[in-house]
Amino acid sequence: MKRIGILTSGGDSPGMNAAIRAAVRCGIEAGMEVYGIYRGYEGLLDGEIRQLNRSSVGDILQRGGTMLKTARSERFRTEEGQEKAMQMLETFGIEGLIIVGGDGSLRGGLDLSNRGIKVMGLPGTIDNDLAYTDYTIGFDTAVTTVLEAISKIRDTSSSHERTTIIEVMGRHCGDIALYAGLTGGAEAVLVPEIEFNLNEVCQRIVIGANRGKQHSLIIKAEGVDISSQDLVEAIERKTGRETKLVVLSYLQRGGSPTLRDRLLATQCASKAVELLHADSESKAIGTVNGQITALPLQEAIEQEREVNREMFNLIRVLSK
Ligand code: ATP
């Protein structure tokens with residue numbers, strides 16, 4: 001393989017830049033030309049494609065976001081869109097593609113792969129919602145950001161002896177809430193995968209307050225089946241304690257990637273280049289038990305995620 005392309009797609013995540021840097025430099029080292037495709041599948045359709053050299057990716061390793069920009073593309077979901085994407089790849093002579101993105105982006109990659117181009121998928125999303133990998137690129141940074149916020153919110157929550165609900169990202173996957181709740185010492189964590197009992201949550205708050213707990217922090221993933229404002233009102237009504245809401249929103253998406261995200265991104269990208277250079281079939285690259293893994297793309301995408309119930313139960317034990 002002589003010429004490969006790389007694009008980032010879906011929501012941005014810290015570490016995408018580290019992946020781009022490693023893909024470009026490892027690709028050049030292997031004797032290939034590396035092209036950057038801007039604005040995800042949208043840019044692919046529009047031919048926003050430029051060759052990158054070693055210095056094009058200088059000084060980005062430590063930056064959040066993605067220098068290639070990212071987008072969501074409705075046009076790409078259609079038959080015509082995907083045919084046009086394939087034509088564009090042919091026009092630029094791109095023989096292999098690295099796609100950094102979440103579940104939807106990797107599904108798009110599989111569609112392209114089925115049309116005949118070799119695709120290496122990298123798990124670039126803060127959500128940690130891909131079953132085939134233990135961690136996704138950006139998750140560690142996002143949880144670290146949430147943890148910092150929790151520490152600050154805890155000070156105020158303690159001083160005012162109030163309950164604070166912290167809404168974090170996660171429409172279908174509660175991992176950000178779960179990991180931040182466990183390591184941040186939340187009183188309760190609400191995730192989309194596990195039904196919650198409002199009375200039990202309120203009981204915990206009241207029992208905790210009665211035994212002298214100063215603060216009460218509830219971490220709620222955005223995808224939980226009750227609006228955060230309704231939850232605030234219900235908890236305030238049932239516990240009689242002042243309750244506030246903090247929505248962390250896009251704060252969780254940005255920031256300099258942590259060691260773990262830089263490492264994961266760099267090693268996944270290096271593996272992707274190695275596989276493209278060897279003309280391998282399409283794969284999804286990730287990490288399992290600390291090792292970098294490469295599974296057939298379709299098989300990886302079809303794996304079903306399961307929420308970590310042990311972690312959920314541990315939070316309940318520790319926060320009593
Ligand atoms: P995040 O987890 O951060 O939201 P994502 O990759 O899951 O990232 P999506 O918006 O689902 O984000 O997908 C990004 C783009 O990938 C979409 O705009 C679309 O162009 C393409 N895509 C998504 N789902 C599919 C699919 N099932 N088949 C083909 N292409 C898809």
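In the predicted model, D279 is placed in the loop that runs between α9 (259-277) and β10 (283-288). Although D279 is not a glycine, its phi is positive, at about 60°. Most residues other than glycine have a negative phi. With a relative accessibility of 44%, D279 counts as partly exposed, because this class covers values between 20% and 50%.

A positive phi is also found at N289, a residue other than glycine, where the value is near 50°. This residue, N289, belongs to the loop between β10 and β11 (291-296). The relative accessibility of N289 is 68%, so N289 counts as exposed, the cut-off for that class being over 50%.

The largest pocket holds about 860 Å³ of space, and 35 residues line it, of which G10, R72, G104, S105 and R171 are the closest to its centre. Among the elements that contribute to this lining, helix α4 (residues 103-114) gives the most, with 6 residues.

Notes:
Residues are numbered from 1 along each chain as its sequence is written. This is a predicted model: local features need pLDDT of at least 70, side-chain atom pairs count only at pLDDT 80 or more; totals for chains, interfaces and linings use all residues. Side-chain values use heavy atoms; hydrogens and water are left out. On a 1 Å grid over the protein atoms alone, a cavity is a set of points where a 1.4 Å probe fits but cannot get out, and a pocket is an open set with protein on both sides within 12 Å along at least five of seven lines; lining residues have an atom within 4 Å of a point. Grid points are joined across faces, edges and corners, and a volume is the space filled by probe spheres set on the points. Helices (H or I, at least four residues) and strands (E, at least two) are DSSP runs, numbered from the N terminus. Buried means under 20% relative accessible area, exposed over 50%, partly exposed in between (1.4 Å probe, protein chains only).
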